[in-house]
Amino acid sequence: IGEFTEDGNIGYSYDEELIHTVPVNWYDKNEREIEGYGGYRSTLQNIKSNESIKKIFFYNNESDNENGIIPNSEIIKEENKSKNLILYGPPGTGKTYQTIRKALEVIDYEAYKTIFDFREKEVEKVNELIEKNQISFCTFHQSYGYEDFVEGLKSDGNGNFVPQDSILKVISYNALFSALIKKPIISQDLTSEERYKIKKQSVIDNLFRADLFNFKLSDHYLIVIDEINRGNISKIFGELITLLEPDKRFGEENTIIVNLPYSKEKFSIPKNLHIIATMNTADRSIALMDYALRRRFEFLEINSDASLLEPVDEIDLEQMLIIINRRIEFLYDKDHTIGHAYFMKAEKLSDVVDVINKGIIPLLQEYFYNDLEKIGLVLGGIGKNSNDKYIVYKKEILASELFNFDESVVELHNKTQ
């Protein structure tokens with residue numbers, strides 16, 4: 001596996017043994033046979049199949065792993081992994097579902113390739129990783145703070161307040177311990193809290209010796225943050241916002257180690273810890289995000305995919321959702337469109353009606369501040385009463401039926417509501 005360093009017309013040279021040659025920078029010179037590729041006759045063969053490409057570029061050699069050898073293709077893949085990623089889009093576009101897939105892709109790539117598109121198996125595998133403490137979930141909100149995410153003073157039940165580790169600190173020490181080369185033997189008879197304390201102390205004792213850690217053979221860890229845009233980022237991350245940068249992680253050239261304010265313990269965010277967050281654009285635009293956060297995260301837009309919807313009782317849900325979203329985008333903006341997930345479980349007409357009445361209309365009322373004219377435009381028109389073939393209708397109300405006014409006053413006040 002290699003890369004041409006010069007164009008064939010420029011770098012061409014004749015070699016008595018190899019004949020026609022061009023300069024190549026080789027990443028991997030190990031020879032191996034790939035099943036099903038023995039019939040190729042030409043020197044260069046154009047391969048288009050994704051499965052074929054995977055077979056060529058991804059090893060499946062257990063002996064290499066046993067010897068601690070990481071194939072070049074795996075190293076390249078590791079370097080290209082995003083440490084901090086935000087999935088953003090309108091409500092109902094499947095951001096949570098995509099988060100599960102991204103979590104598997106980051107932590108267990110082989111499992112991800114094997115069970116991709118098998119929803120139940122994907123969820124089952126993620127739950128296994130949660131049990132192993134390799135994945136942690138949290139949700140940001142207005143009152144969420146540094147004490148909930150990093151560390152804070154908590155009551156010990158005896159009238160005292162002691163420092164207590166929170167989600168980021170716990171998973172970071174676990175990730176660092178995974179990369180520690182010489183690990184202490186920890187008895188399984190101990191409680192999970194006792195085992196964690198041993199792991200943390202082992203990491204702190206060696207934190208200034210980067211050579212005692214090997215991240216190429218360590219497990220990957222992941223924090224999933226739901227609704228990241230609803231929290232006060234400066235308040236939640238505090239001084240650790242700097243440590244999120246890939247080159248500031250422990251194990252990188254610009255590693256930063258800090259003293260935490262409550263426990264006074266040494267701390268660093270390791271390179272094998274990933275953060276995936278979700279952001280609902282209907283709540284807040286990316287343009288309003290904290291700039292410090294925006295430049296430390298990569299952003300992946302998750303849009304509504306109407307093509308995933310099947311017709312229900314002769315209703316073309318795909319076309320219906322496309323038209324609804326085009327109208328919303330015209331009247332409001334793209335960030336407030338409707339996601340396909342709202343209709344994914346609809347199997348009959350009554351299901352579609354329930355989704356529209358209980359999910360779509362309340363959402364549109366929030367978007368357009370109960371402006372029935374615009375809601376009606378989105379949903380195809382406004383009827384005069386509930387007998388009309390419209391979802392939204394306006395009822396005519398006569399003032400004379402409500403108030404005992406002089407006829408001239410009634411005429412003046414008659415209106416449609």
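The structure is a predicted model, so to speak of local features a pLDDT of at least 70 is needed, side-chain atom pairs count only at pLDDT 80 or more, and totals for chains, interfaces and linings use all residues. Residues are numbered from 1 along each chain as its sequence is written, and side-chain values use heavy atoms, with hydrogens and water left out.

Start with the open sheet: five strands in the order β6-β9-β12-β5-β13, paired in parallel. Strands here are DSSP runs of E at least two residues long, helices are runs of H or I of at least four, and both are numbered from the N terminus; two strands pair if DSSP finds at least two bridges between them. β6 (135-139) and β13 (298-301) sit at the edges with a single partner strand each, so one side of each has no neighbour in the sheet. Further in, β9 (residues 221-226) and β12 (residues 273-280) pair over five bridges, and Tyr-221 stands opposite Leu-273 in β12.

Helix α5 (residues 95-107) comes next, with 13 residues. Its buried residues (under 20% relative accessible area, 1.4 Å probe, protein chains only) include Ile-100, Ala-103, Leu-104 and Ile-107. An α-helix has 3.6 residues a turn, so residues three or four places apart point the same way.

Finally, Ile-233 belongs to helix α11 (residues 233-237) and counts as buried because its relative accessibility is 7%. Its C-alpha lies 9.2 Å from that of Tyr-146, 87 residues away along the chain.

Key:
Expected span 1.5 Å × (residues − 1). Buried < 20%, exposed > 50% of the residue type's maximum accessible area, 1.4 Å probe, protein only.
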